[in-house]
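Student: I am new to this structure and would like to be walked through it step by step. Could we look at it together?

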Amino acid sequence: MGMKHTLLARGSLVIIYFLAGLATMFLARLSLAWATAELWIWLKILHYIILVIVAGGVLVSVIRRATNRVWWEGLLHAALLFGAWYTLAVMPWPFFVAVMSAIGLTLIFFWLHTIFVHNLFYILGAVGLALNLASYLPFEAALAGLVAFAVYDMVCGRSTETHLRLTRLLSPYGLAPGFILPHRFKDWFSKISPVSAPALTLGLSELVLPLVLIVKSANWNSWAPAIVVSGLTLGAVVYGWRRNFSERFVLAYVSAGVAISFLVLYLAQIQFFNHLLP
């Protein structure tokens, strides 16, 4: 049986998906217009740093047979950090502003430890990771990964008890495993603690994977990603509409919204607008 979440928590989930989708669409479509040669060099550096963190972490874990979830969460936050920097770097402002914004966000994140700053950092990091993954993943692999993770979450995804145990392990460092969407408005500005107020939680993969398909659809034309963002938001609305639900099904709902809209657009492009395909 799932937990009954407040309207604020469920509405926050929908807003996070909508804003992350909107930001991904905006940056994927328009960043090419203002990207300079210097910026592309830095983006390439960030790209390889993220790749090395993820691939190197997996390799070390396999060799050492590490199963410690704290290790994985630390690896995830390192990738998120550079993902957030990637997002700030491709925004339409001078490169110096991007660098100062990245430094400022990092200092604020590690200093304040509030739920609001934590969620903001996660959104920026998720958008950056999606933009990065989409640069070398074919859409077939992104779509297959989305479906596979959705099925995995439904069958043997994380439980509330596991999430609370990880929160107790990570909270002394001001970290938490995923988004935290409190039931009360005032709790958004409280510090992350082992004993947190009631909240809805959301994992990073439940946001990053759907965003990758938004980036892929942005390669077609200007309106295609808007339709995929609409599908993403609709899936989140349908999921959040239920007062009593299990959090392990969130990816199934948003995956359905994203995958259906993406596939319909893709088939329509082939059938009617073949000249628009890359």
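Tutor: Helices, of at least four residues, and strands, of at least two, are DSSP runs numbered from the N terminus.

Student: Which element of the protein chain has the lowest mean pLDDT?

Tutor: For the protein chain as a whole the mean pLDDT is 80, and 79% of its residues reach 70 or more. Where pLDDT is low, the predicted coordinates should not be read in detail. Among the elements, α9 has the highest mean, 92, whereas the lowest, 60, belongs to strand β4 (residues 244-245).

Student: How are helix α8 and α9 oriented to each other?

Tutor: Two packed helices are described by the angle between their axes and the distance between the axes. Here the axes of α8 (residues 205-217) and α9 come within 8 Å and cross at roughly 160 degrees. The contact involves residues of both helices, among them Leu-211 and Ile-214 of α8 and Val-228 and Leu-232 of α9. Because angles over 145 degrees count as roughly antiparallel, the orientation of α8 to α9 is roughly antiparallel.

Student: Is Leu-234 buried or exposed?

Tutor: Leu-234 lies in helix α9, which spans residues 224-241, and its C-alpha atom is separated by 9.7 Å from that of Tyr-17, 217 residues apart along the chain. The relative accessible area of Leu-234 is 53%. Since a value over 50% counts as exposed, Leu-234 is exposed.

Student: Is Ser-261 buried or exposed?

Tutor: Ser-261 lies in helix α10, which covers residues 250-272, and beyond residues up to four places away in sequence it touches Ile-227, Val-228 and Gly-231. Its relative accessible area is 11%. Because a value under 20% counts as buried, Ser-261 is buried.

Student: Which residue has its backbone oxygen 2.8 Å from a polar atom of the side chain of Ser-261?

Tutor: The side chain of Ser-261, a residue of helix α10, has a polar atom that lies 2.8 Å from a backbone oxygen.

Conventions
Residues are numbered from 1 along each chain as its sequence is written. Side-chain values use heavy atoms; hydrogens and water are left out. Buried means under 20% relative accessible area, exposed over 50%, partly exposed in between (1.4 Å probe, protein chains only). A polar contact is a pair of N or O atoms within 3.5 Å; within protein, one must be able to donate a hydrogen and the other to accept it, and residues adjacent in sequence count only if both atoms are side-chain atoms. Contact means heavy atoms within 4.5 Å. pLDDT is the predictor's confidence in each residue, from 0 to 100. Axes are lines fitted to C-alpha atoms, for helices over the stretch in contact, and angles run from 0 to 180 degrees between N-to-C directions. Angles under 35 degrees count as roughly parallel, over 145 as roughly antiparallel, 65 to 115 as roughly perpendicular and the rest as oblique.
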